[in-house]
Amino acid sequence: MIRRIVMFKKKPDAGLTDFVGALTDLKTLDSRMSEMSSWWVDIAPGRDGLWDAVLVAEFPNAEIVEAYNSHPEHHAVASRIGSLADVAIFDSTIG
């Protein structure tokens, strides 16, 4: 099992409405892609010095992570968020 943790920090020049909208789209990505074992997104913008949002996803194996990474739905959402936020990604093997 692979657990991916992604943290998002809104760029100073990004609009809050656009940022929240992009992450709201991310929240529903799992309904458009069935590969994930679990999917959780929380958005809490505006806390000074902290990240504004987080994604925690679990995938059954590395092949599914690669399929997710190359999926067109993921590319569309990631591109949109990448223009609005700085992103930190951490993958770990669990179990």
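**Exercise 1. How many bridges join strand 1 to strand 3, and which way do the two strands run?**

The model is predicted: local features need pLDDT of at least 70, side-chain atom pairs count only at pLDDT 80 or more, and totals for chains, interfaces and linings use all residues. Residues are numbered from 1 along each chain as its sequence is written, and side-chain values use heavy atoms, with hydrogens and water left out.

Step 1. Find the elements: helices (H or I, at least four residues) and strands (E, at least two) are DSSP runs, numbered from the N terminus. Strand 1 covers residues 2–10, and strand 3 covers residues 53–59.

Step 2. Check the pairing, which requires at least two bridges found by DSSP between two strands. Seven bridges join strand 1 to strand 3, and the two run antiparallel.

Step 3. Locate facing residues. R3 stands opposite E58 in strand 3. M7 stands opposite V54 in strand 3.

**Exercise 2. Work out the strand order of the sheet and its edges.**

Step 1. Take the other partner of strand 1. Nine bridges join strand 1 to strand 4, again antiparallel. Here K9 stands opposite D86 in strand 4.

Step 2. Write the order. The open sheet has four strands, arranged 2-3-1-4, with antiparallel pairing.

Step 3. Name the edges. Strand 2 (38–43) and strand 4 (85–93) each have a single partner strand, so one side of each lacks a neighbour in the sheet.

Step 4. Angles run from 0 to 180 degrees between N-to-C directions; axes are lines fitted to C-alpha atoms, for helices over the stretch in contact.

**Exercise 3. Describe how helix 1 and helix 4 pack.**

Step 1. Read the geometry. Helix 1 and helix 4 (residues 72–82) pack at about 160°, with axes 9 Å apart.

Step 2. Classify the angle. Under 35 degrees is roughly parallel, over 145 roughly antiparallel, 65 to 115 roughly perpendicular, and the rest oblique. The two helices are therefore roughly antiparallel.

Step 3. List the contact (heavy atoms within 4.5 Å). D18, G21, A22, L23, D25 and L26 in helix 1 meet V77, R80 and I81 in helix 4.

Step 4. Sort the residues. Ala, Val, Leu, Ile, Met, Phe, Trp, Tyr, Cys and Pro count as nonpolar, Asp, Glu, Lys and Arg as charged, and the others, Gly among them, as polar. The contact of helix 1 with helix 4 has five nonpolar, one polar and three charged residues.

**Exercise 4. Is helix 3 oblique or roughly antiparallel to helix 4?**

Step 1. Helix 3 (residues 62–70) packs on helix 4 at about 60°, with axes 5 Å apart.

Step 2. That makes helix 3 oblique to helix 4.
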